[in-house]
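Dear colleague,

Please find below the structure that I am handing over to you. My notes on one of its sheets follow.

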Amino acid sequence: GKTLEQKVEVRDDPRLDALGTRRLLEASSATDPSRCAGQQLLSGDGWIALERPGAKPLITVEPDRPLALRRDDAEHWTVSLTPATAGESAFPSVHAAFYQDGNWRVLADLQATGVSVSSLFVETPLPAETKRVDFLYRSRAHLAGCLLAALALAALGATWVAQPRAKIAA
């Protein structure tokens, strides 16, 4: 196992900030309570959730603006932005701690934007005066599966179509 110093080092790893990690789980027997002063401890079933103070939010906008974040489901997040004030950049950018595997789509006021492919996470510049940003996860494999299912259903429907029957003369 890791020593206490190694665990504290992992807890303070800057990559956790980039990921927006707010909590870490550790076995309660391996945690020194004196090292967790000021952090909220949630216990249950032998595990402790350690709050990381100062953790970066899941979604940020630069320049910094107040925002309201709503999770519609696991594959859809909506961010409502306040308008830029005088002196602020009218062209903000948004950064999300979602791993960018090529399947995330970003909509600014329901219009598609270009998502950066040079980053490990989702980030994109936004048009001026953007008020709403939607993050949508649309897997290519899921889309291909839906298309294949539709084709199979169409083929099945075609086989059920009644064939014209020849009339028998009596």
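Strands (E, at least two residues) are DSSP runs, numbered from the N terminus.

Please note that this is a predicted model, in which local features need pLDDT of at least 70 and side-chain atom pairs count only at pLDDT 80 or more, while totals for chains, interfaces and linings use all residues. Residues are numbered from 1 along each chain as its sequence is written, and side-chain values use heavy atoms, with hydrogens and water left out.

Strand E6 belongs to an open sheet of five strands, in the order E5-E6-E11-E8-E9, with antiparallel pairing. Two strands pair if DSSP finds at least two bridges between them. Strand E5 (67-73) and strand E9 (111-112) are the edge strands, each pairing on one side only.

The pairs may be taken in turn. E5 and E6 run antiparallel and are joined by six bridges; a hairpin of two residues also connects E5 to E6. Leu67 stands opposite Leu81 in E6. Five antiparallel bridges pair E6 with E11, where Val133 is the bridge partner of Val79. Strand E11 (residues 132-137) is also joined by five bridges to strand E8 (residues 104-108), again antiparallel, and Arg105 stands opposite Leu136 in E11.

Methods
Helix = DSSP H or I, 4+ residues; strand = E, 2+ residues; numbered from the N terminus.
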